[in-house]
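Thanks for coming. I'll take a few minutes to walk through one structure, which you'll see on the screen now.

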Amino acid sequence: MDLAFLSAPALEVSHAPAAARDLASPVALARPVANSAASTTSSGSLTATAAAVAVVGAVAGSARRQSTSGVRRSGRRAAAQVARQAGSLTDCPFTAYGTKDVDVPKERSEVVEHACPLEVQMSSDLAGDLEGQKKWFADNLPKIYKDLKNHGAVVFRGFELSEEASGFTQVGEALELERCEDPLHSVAARDPVDKEKGVYEAVNKPSRRKFYVGMHNEMVGNRAPGAAIFVCFKAAEEGGEFLIADGRKMFGKLDQEFLESSYDREIRYSTAEFPVGFVESLGPLQGVAEPVLYGIMTQALKAKVDFDVELRWERSGYDGSKILQVRALPQVPVVRHPYTGEPAWWGSMHSHSEFLRSEREKVFGDEGLDTTTGASRINKTDVYYADSGEKVEDDRMKHLDDVTMETAVKVKMQKGDMVLLDNYLVMHGRCPFEGTRKHAVTWYNSPDYSKSEA
Ligand SMILES: [Fe+2]
């Protein structure tokens with residue numbers, strides 16, 4: 001999970017232009033650039049501009065986004081095999097949106113209800129036997145794959161093997177899952193626990209403890225892991241529960257008109273914004289400065305990242321000042337599972353909605369709030385209809401929140417507990433917490449469900 005606000009959902013749907021790409025890295029730009037906004041004054045405008053452009057280059061330059069190609073996809077499994085043996089990681093896979101052919105009314109009526117998540121307790125016979133625990137995962141692989149496919153997520157409790165990072169990595173290996181890179185790796189937004197083995201910190205930072213991580217499928221730019229195992233190395237003293245919501249259930253429960261319209265109109269996320277209010281203090285030079293600034297920003301992005309985004313002049317929702325907002329390309333909010341074909345509600349509306357985030361902050365507080373400007377330093381995302389560019393209405397978001405939280409299940413994890421999830425079937429999030437929390441995650445390609453028990 002994590003750093004959900006950094007997730008930059010994007011487009012890779014079959015009906016979209018092949019060149020359509022989303023911006024992953026610039027999402028991260030929101031942090032340094034937004035931070036700079038707090039101290040930007042007219043006298044500091046040039047510095048701010050230079051800093052913004054420098055940040056674009058520095059961050060985007062580290063992004064290794066490449067075009068999708070059949071060759072690349074077909075070679076991924078073989079590469080993953082080699083990478084596993086070599087101890088390195090393959091790229092996070094491209095998002096598999098599939099075809100846009102969901103018959104919403106008909107398929108809603110066909111949703112099969114499964115308990116989500118499924119809970120599995122380690123047998124006491126295996127206590128103290130780490131090798132035996134590893135073997136248990138290997139021996140039960142077909143059953144575990146079946147459970148994952150049916151339930152969307154499986155909580156494993158009581159295993160000692162996963163109490164430390166070194167043993168935890170062996171669980172994925174025993175399950176023959178192919179590790180992939182963190183979709184956030186290019187922006188280094190998530191600290192590694194063991195980078196080589198693909199074990200990354202979840203959102204544990206004390207500064208983020210009051211932040212309620214809204215429900216989302218893991219996705220950055222045009223990449224999304226197929227599966228994940230989250231693990232608890234140390235539970236928070238209070239709160240910090242992991243949240244899981246079945247996307248198929250959401251598809252069955254959401255208001256049909258909302259589902260149909262959002263699926264038809266598609267969704268765009270704003271994923272970053274550059275505060276450029278200083279241009280309004282330039283007097284007669286403003287008319288000259290704006291297109292120059294726009295051109296610089298656009299070119300800096302284009303030169304450094306290999307995917308399309310839209311840069312728009314907008315007004316800050318906080319103080320009305322001018323901003324350049326980055327919007328990801330359109331995407332559908334319902335996708336078919338790459339293996340089963342089942343439709344599921346998918347994406348980051350719940351975590352990215354400015355309205356819902358503000359509502360959560362009223363309840364839980366937000367330590368990321370900049371008290372000098374009233375602006376959140378790091379959360380600059382929101383949700384729009386792709387066809388008109390208008391924000392998705394607050395009442396729709398309220399409805400989405402109601403259904404999401406009705407569907408979501410809190411999982412209080414103890415040391416060693418793991419959640420194996422299919423990223424195309426379930427969304428995840430995290431409750432605020434007190435104390436110290438050390439949870440981690442490893443991302444994987446989609447499981448090879450042909451190995452599943454019938
Ligand atoms: Fe996440």
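This is a predicted model: local features need pLDDT of at least 70, side-chain atom pairs count only at pLDDT 80 or more; totals for chains, interfaces and linings use all residues.

Start with helix H6, residues 130–139, where the buried residues are Gln133, Trp136 and Phe137. Viewed down the axis of H6, the buried residues fall within an arc of 95 degrees, so they line one face of the helix. On the other side of H6 we find Glu131 and Asp139, which are exposed. The cover over the buried residues of H6 includes helix H7, 141–151, and helix H8, 165–174.

Seven strands make up an open sheet, in the order E1-E2-E16-E6-E19-E4-E3, with mixed pairing. Strand E1, 118–121, and strand E3, 192–194, stand at the edges with a single partner strand each, so one side of each has no neighbour in the sheet. On average, neighbouring strands here are turned by 25 degrees against each other, ignoring direction.

Inside the sheet, strands E2, residues 153–157, and E16, residues 418–422, run antiparallel and are joined by four bridges. Val154 has Leu420 as its bridge partner in E16. H7 packs on this sheet, touching E1, E2 and E16, and its direction makes about 130 degrees with that of E2. H8 lies across E3, E4, E6, E16 and E19, and runs at about 30 degrees to E19.

Last, strand E5, residues 213–216, contains His216. Is His216 buried or exposed? It counts as buried, because it has 24 C-beta neighbours inside 10 Å. His216 and His350 are 134 residues apart in sequence, and their C-alpha atoms are 6.6 Å apart in space.

Note on methods: Residues are numbered from 1 along each chain as its sequence is written. A residue is buried if 20 or more other C-beta atoms lie within 10 Å of its own, exposed if 12 or fewer, and partly exposed in between; C-beta atoms are placed from the backbone. Helices (H or I, at least four residues) and strands (E, at least two) are DSSP runs, numbered from the N terminus. The arc is that of the directions from the helix axis to the C-beta atoms. Two residues are in contact if their C-beta atoms, placed from the backbone, lie within 7 Å. Two strands pair if DSSP finds at least two bridges between them. Axes are lines fitted to C-alpha atoms, for helices over the stretch in contact, and angles run from 0 to 180 degrees between N-to-C directions.
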